[in-house]
Amino acid sequence: MSDLLERLRARGWRMTAQRRVVAEVLDGDHVHLTADEVHARAVDKLPEISRATVYNTLGELVTLGEVLEVSTDRRAKRYDPNAHRPHQHLVCAQCGAIRDVHPSGNPLADLPHAERFGFTVSAVEVTYRGLCPDCAGA
């Protein structure tokens with residue numbers, strides 16, 4: 001389970017009821033929700049929460065570096081609370097399910113110097129694609 005709530009409390013982030021609900025919705029393993037999904041789940045917990053509040057809170061969490069904005073396709077951005085443990089994503093090409101994966105090795109070091117074209121490389125994003133067990137069996 002992610003430790004998003006604990007990280008936010010440790011930072012002294014002002015924990016309003018709305019912010020707490022957004023953080024609770026995002027907390028967990030393999031969480032990659034769209035803003036609309038976060039809003040729908042937040043409304044279940046706090047019916048008066050507005051879409052604008054959810055979007056603003058997500059923006060703040062991304063700016064703070066506590067949540068990652070993930071784009072694995074050309075559709076909606078998703079929000080990943082697993083911001084402090086390096087990982088990659090495994091995506092189902094059929095249903096879009098996303099799982100965090102932690103492959104061994106260092107993908108940054110795997111890029112040969114000659115292939116860097118003089119760039120100072122600071123980050124790597126790898127997305128593994130395939131079919132999840134449910135879609136592969138269908």
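Predicted model: local features only at pLDDT ≥ 70, side-chain atom pairs only at ≥ 80, totals over all residues.
Residues are numbered from 1 along each chain as its sequence is written, and side-chain values use heavy atoms, with hydrogens and water left out.

**View 1. The whole chain and the order of its elements.**
The chain contains five helices and six strands, where helices (H or I, at least four residues) and strands (E, at least two) are DSSP runs numbered from the N terminus. Read from the N terminus, these elements follow the order α-α-β-α-α-β-β-β-β-β-α. The C-alpha trace spans about 55 × 45 × 25 Å along its principal axes. Of the 138 residues, 34% count as buried, a word that stands for under 20% relative accessible area, whereas exposed stands for over 50% and partly exposed for what falls in between (1.4 Å probe, protein chains only).

**View 2. Helices α1 and α2 packed together.**
Two packed helices are described by the angle between their axes and the distance between the axes. Here α1 (residues 4–11) and α2 (residues 17–26) pack at an angle of about 145°, and their axes are 9 Å apart; the axes are lines fitted to C-alpha atoms, for helices over the stretch in contact, and angles run from 0 to 180 degrees between N-to-C directions. On the α1 side L4, L5 and L8 take part, and on the α2 side they meet R20, A23, E24 and L26. The residues of this contact divide into five nonpolar, no polar and two charged, with Ala, Val, Leu, Ile, Met, Phe, Trp, Tyr, Cys and Pro counted as nonpolar, Asp, Glu, Lys and Arg as charged, and the others, Gly among them, as polar.

**View 3. The buried residues of α2 and their cover.**
Within α2, the buried residues are R19, V21, V22, A23, V25 and L26. Their cover includes α1, β1 (33–34), α3, α4 and β3 (78–80). Just after α2 comes G28, which takes a positive phi of about 140°.

H39 has its place in helix α3 and counts as buried because its relative accessibility is 13%. Leaving aside residues up to four places away in sequence, H39 touches I49, S50, R51 and V54, where contact means heavy atoms within 4.5 Å. E48, by comparison, counts as exposed because its relative accessibility is 59%. The C-alpha atoms of E48 and V121 are separated by 44 Å, and these residues are 73 apart along the chain.

From P86 to R129 the distance is 18 Å, C-alpha to C-alpha, although they are 43 residues apart in sequence. F117 lies in the loop between β5 (98–101) and β6 (127–130), and counts as exposed because its relative accessibility is 65%. The phi of F117 is near 50°, a positive value in a residue other than glycine.
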